[in-house]
Every structure is written in C-alpha cells, then in structure tokens.
Amino acid sequence: EMLRSLVGSEMCIRDRIYDFWASIPSDKLAHFFSSSVLLSLCLLFFNDWVSIGIVVFSALFKEVVYDDFLNKGNPDTKDFLFSVLPCGLYALNVFI
C-alpha cells in the first residue's frame, strides 16, 4: 500500500515538472539553451563578469537591433529574459 502511494506521488511530481516544462514556448527554450551554450563557451575563455556581459549584450543586441531596428523578428521582453536567465542562474550558483 505504501509503495503504491509513493510511486503515485513520484509520478505526480514528474508529471508536474513535465507539464511546467511543456508549458514554456519552444522559442523561449531556444533562447535559454542557446544562451546557456554561449555562456559556457565564454566561461572557457573569459572571467565570470566578462562572460555574463557578453551574453547580456548579445541578448540585448538581438532584441533591439536585429528584431526591432532591422525588423527581422518580433522584439519581446520575455525572449530577453529567457536569454539572460542562464546568467542569473550561474551567478546564483557561483556568487551566493
């Protein structure tokens, strides 16, 4: 009985995580993962703050210049936030 309820609760947690992950639009996940890769590559060659600056600048450049000024896409604040989220998570992990 207890084993069955434990398995059920684990499945419930897994389903909630999956539902949350599936609720995030794929373009936002693409911004998150591409910025994660960029941050990882920058950290191989630069210090922490320079790497974070490069990622934030590239996200800002993409949204303001590429999307808005050149009209190549839709400028979106959420895209920018998902792009800089890896920097925030890295800073929380390293500096706190």
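Mentor: What follows is a close look at one lysine and its surroundings. This is a predicted model, in which local features need pLDDT of at least 70, side-chain atom pairs count only at pLDDT 80 or more, and totals for chains, interfaces and linings use all residues. Residues are numbered from 1 along each chain as its sequence is written, and side-chain values use heavy atoms, with hydrogens and water left out.

Lys28 lies in helix 2 (residues 26-45), where helices are DSSP runs of H or I with at least four residues, numbered from the N terminus. Lys28 counts as buried because its relative accessibility is 7%, buried meaning under 20% relative accessible area, exposed over 50% and partly exposed in between, with a 1.4 Å probe and protein chains only. Leaving aside residues up to four places away in sequence, Lys28 touches Asp76, Lys78, Asp79 and Phe82, a contact being heavy atoms within 4.5 Å.

With Asp79, the side chain of Lys28 forms a salt bridge of 2.8 Å from N to O, that is, a side-chain nitrogen of Lys or Arg within 4 Å of a carboxyl oxygen of Asp or Glu. This pair joins distant parts of the chain, since Lys28 is in helix 2 and Asp79 in helix 4, 51 residues apart. Asp79 is likewise buried, at a relative accessible area of 5%. A network of salt bridges links Asp27, Lys28, Asp76 and Asp79, and the whole structure holds five salt bridges.

Notes: Helix = DSSP H or I, 4+ residues; strand = E, 2+ residues; numbered from the N terminus.
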